[in-house]
Amino acid sequence: MVLFKNSLNALKKSFPCGISTIMAKVIDISNHDLQHLVSLATQSLKSGNIIAVPTDTIYGVAGLAQRNDATSKIYQLKNRDLKKPIAISVADIDDVYRWGHVTVSRELLSELLPGPVTVVFERKDDLSPSLNPDASLIGIRIPDQQFIRSLARACQEPIALTSANISSAPSTVSVEEFHELWPTLDLVFDGGMLGNTTESRQGSTVVDLSQKGVYRIIRDGSALRPTSDLLEKYGLKNGKTMESSDDATITVR
């Protein structure tokens, strides 16, 4: 509550004539029908807008990955380095096969996803060439969160999704924590507090599976141990970590 009051005070100082308009963008998803929420979000994304959404880890900002104007807006509002790729969020396992060259069994993939894991594969040509044009890999996420999965299903195309914060700022677990981004977003879908621990702010575990039989951890994230254990149960060998590689910066929360 204190955080919310402080956020409102900051907004009032920055936008003294527009606080009501800004607050109107924030939609509490617990007070609305899922179908209605998905319809609002889909219409916004299809119009080229950027929205904020809850995931199963932290809050993210989202736009349609196949639209160059939308992905450009994400980089701009986050002040994000253009050399840092963005991953995609999809609804179902079949979508992973649609956008990436999958190297693991469907059984393994179905145990990893949905969940707090981003899997990285060689990208398919169907992805917009304007999305991460210098990266041969693509990070793909299926959050264990009904709203965003339903949204991806309704859009019938991948959603570019990255953390709802200014680049290099801490990850956010409530909408009040990224209030400075509200004026740049078309809609903010409030899923409440998502967690408030160090682990909950780490986002998804990002793992490179582009080489058959080998996994490489790109980012530890919030599910490192169970992810590594599962991959090794299926016989994958642990390769070197990729903390500094260009493709390793593919991030989705």
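A: A62 has L161 as its bridge partner in strand 8. That bridge belongs to the pairing of strand 3 with strand 8 (residues 159–163), which is antiparallel and has five bridges. Strands pair here if DSSP finds at least two bridges between them. Strands (E, at least two residues) and helices (H or I, at least four) are DSSP runs, numbered from the N terminus.

This is a predicted model: local features need pLDDT of at least 70, side-chain atom pairs count only at pLDDT 80 or more, and totals for chains, interfaces and linings use all residues. Residues are numbered from 1 along each chain as its sequence is written, and side-chain values use heavy atoms, with hydrogens and water left out.

Strand 3 also pairs with strand 2 (residues 51–54), again antiparallel, through four bridges. Here V53 faces G60 of strand 3. A hairpin of four residues connects strand 2 to strand 3.

Next, burial. Strand 3 spans residues 59–64, and six of its six residues are buried. Buried means under 20% relative accessible area, exposed over 50%, and partly exposed in between (1.4 Å probe, protein chains only). Both faces are covered. One side carries Y59, V61 and G63, and the other carries G60, A62 and L64.

Now the rings. A pair of aromatic rings is described by the distance of the centres and the angle of the planes. Rings of Phe, Tyr and Trp (its six-membered ring) pair if their centres lie within 6.5 Å; planes under 30 degrees apart count as stacked, over 60 as edge-to-face and the rest as tilted. The count comes to two aromatic pairs. Y59 and F178 have ring centres 5.7 Å apart and planes at 50 degrees, so this pair is tilted. Y59 sits in strand 3 and F178 in the loop between strand 8 and strand 9 (187–190), so the pair ties together parts 119 residues apart in sequence. Y59 and F178 are both buried.

F147 and F189 form a tilted pair, with 4.9 Å between centres and 40 degrees between planes. F147 lies in helix 7 (residues 146–155) and F189 in strand 9, 42 residues apart. F147 and F189 are buried.

Leaving aside neighbours within four places in sequence, L37 is in contact with I27, I29, H32, F147 and F189. Contact means heavy atoms within 4.5 Å. L37 lies in helix 3 (residues 34–46) and is buried, at 2% relative accessible area.
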